[in-house]
Every structure is written in C-alpha cells, then in structure tokens.
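Dear colleague,

I am handing over the structure we spoke about, with the sequence alongside it. Please find both directly below, followed by my notes on what was found.

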Amino acid sequence: MTLPRGGTKVLLIVLFVSAVWFRMQSMEDAVYPYYKGESGTNFRQTIHIAGRGTLPDIDKRAAWPEGISPLKEKANGIEYFIGYTYRLAKPFTDVSQKRFVNIVTILIFSLSVFILFALTRTLWSCQAAGLWAAALVAFSSPLIGSTNGSEYYHGTFAFVIISFHLLVALGAVHRPTLARSLLAGLSVFLLLAVWEHAGLYVAAFCLLWTLVPGIGISARSRLLIALLAAVVLAGLALPYL
C-alpha cells in the first residue's frame with residue numbers, strides 16, 4: 001500500500017515542520033551560550049563576514065603573533081553564506097548572531113527530510129523506506145541533538161549536499177540529462193566550498209561511479225565531466241584548495 005502523491009507531500013511537510021520544531025525546542029534547552037573549538041572558529045569568522053563583508057588576509061588574533069590566512073586554512077563557504085544572509089536580514093530582525101546561525105543550521109539540515117525521502121525511495125523503489133528515512137531525520141534524538149545548531153560544524157551542511165548529489169547521480173543512471181549533470185557539478189562545487197574533506201568524497205564517488213556495473217556510458221561520462229569541471233572551477237575559485 002502506498003500513499004497518494006498529495007498525501008505524501010502533506011506528510012513530508014509535517015515531518016519537515018516537526019524536524020524544525022524539535023530542533024528549535026532542543027536548542028532552547030541548551031544552557032551553554034557559546035560555541036567551542038571548531039564551532040567557535042567558524043562562528044567567529046561568520047560574524048566577521050557579517051560585520052565587514054569578508055575575511056582578513058591575515059588574522060593575527062587567531063594565532064599570535066604570525067597570524068593565519070583564514071581563506072587558505074579551510075573552507076569558508078558556509079560562513080560566507082550565513083554571514084551575508086545575516087547582513088541582509090539584520091535591518092529586519094533583532095535576532096542575535098548566534099541564534100541566527102542556530103536557526104539557519106536547523107532549517108538547512110531539516111531539508112534532509114525531503115532529500116532523504118527521495119533518495120531512499122529511489123534506492124529501494126519503496127515509498128515506505130523513504131518515509132522511514134524522513135521520519136528518522138525528524139524524530140531521531142541523537143540526530144536532533146547533533147544538528148540543532150548547538151554545534152557549528154561544516155559536516156552538518158556537507159551531509160545535506162552529499163545526499164542531494166547522490167540523489168541527482170542516482171537519477172542520472174536512468175536519465176542522464178544535461179540538467180542532472182549540471183546539478184551534480186554544482187553540488188560538488190558547493191561541497192568543496194563548505195567542507196575541507198570534500199576531496200575524499202569526490203575521489204570515492206568517482207571510483208564507484210567508474211567501477212559499479214549497470215551504469216551507461218553516457219551517464220558515466222556526463223557526470224564525470226561535470227564533476228571534473230566543478231573540481232577545476234573550485235580549484236580556481238577557492239583559495240584553500
């Protein structure tokens with residue numbers, strides 16, 4: 001038995017709202033008001049971008065006295081995205097910078113409800129499997145606790161992008177269209193922009209995409225060309241690579 005399309009859409013929206021609500025509630029329960037370690041570094045760079053529009057060439061406060069170059073040390077894509085989003089939203093809201101980061105983290109990760117539903121349903125050709133995956137995003141306590149904005153890790157955002165990339169790649173196995181190739185390339189570029197370890201995923205994906213049987217030559221070549229183009233563009237555009 002499968003739900004009709006309209007019922008499925010309504011249920012997914014309910015799961016998305018639930019995912020956001022539970023994370024917002026658990027965020028309210030967090031008593032520690034500051035970020036620590038890697039999260040603190042990412043947050044500091046985000047508020048710097050929100051205030052000044054960019055990161056400094058050399059940040060001496062991060063490593064006195066010689067300083068470091070933030071743009072060359074790690075990926076900063078998500079810091080730029082949230083920083084500029086906060087700059088745009090600031091005239092219309094009095095939400096603090098930290099709470100803004102919390103909310104954006106929750107909203108972005110909660111999109112996994114839709115992405116994992118589509119990915120799992122496609123993998124197993126089963127609507128129930130997709131709904132189960134979406135429900136885990138919404139209701140899994142450990143997952144809620146690690147993605148409620150209390151930590152500000154690049155990996156949280158990378159998970160969403162990787163899931164989307166796999167969904168597009170899986171669709172390209174059966175219908176290798178130009179649009180899917182462009183979306184796959186764009187998602188890889190975004191992944192490289194927000195996550196320092198993206199190269200490991202790209203290498204593993206290329207290996208599997210080349211070796212796994214049952215993928216047509218057109219699908220293999222289109223996606224690999226798009227991926228190569230994304231890597232080249234990222235290498236030119238992102239100073240840390």
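In this predicted model, helix α11, which covers residues 198-211, and helix α12, which covers residues 217-237, have axes that come within 10 Å of each other and cross at roughly 165°. Since angles over 145 degrees count as roughly antiparallel, α11 and α12 are therefore roughly antiparallel to each other. The crossing in which α11 passes α12 is left-handed. On the side of α11, the contact is made by Val202, Phe205, Cys206, Trp209, Thr210 and Leu211, while α12 brings Ala219, Arg220, Leu223, Leu224, Leu227 and Val231 to it.

Along the principal axes, the C-alpha atoms fill a box of roughly 60 × 40 × 30 Å. The radius of gyration of the chain is 19 Å, which agrees with the value near 18 Å that a compact globule of 241 residues would have. Of these 241 residues, 42% count as buried. As for the contacts in the chain with a separation of 6 or more, 72% of them are accounted for by residues 24 or more positions apart.

Notes. Residues are numbered from 1 along each chain as its sequence is written. This is a predicted model: local features need pLDDT of at least 70, side-chain atom pairs count only at pLDDT 80 or more; totals for chains, interfaces and linings use all residues. Side-chain values use heavy atoms; hydrogens and water are left out. Axes are lines fitted to C-alpha atoms, for helices over the stretch in contact, and angles run from 0 to 180 degrees between N-to-C directions. Helices (H or I, at least four residues) and strands (E, at least two) are DSSP runs, numbered from the N terminus. Angles under 35 degrees count as roughly parallel, over 145 as roughly antiparallel, 65 to 115 as roughly perpendicular and the rest as oblique. A crossing is left-handed if the near helix is turned anticlockwise from the far one by less than a right angle, and right-handed if clockwise. Contact means heavy atoms within 4.5 Å. The radius of gyration is taken over C-alpha atoms; the globule rule is 2.2 Å times the number of residues to the power 0.38. Buried means under 20% relative accessible area, exposed over 50%, partly exposed in between (1.4 Å probe, protein chains only).
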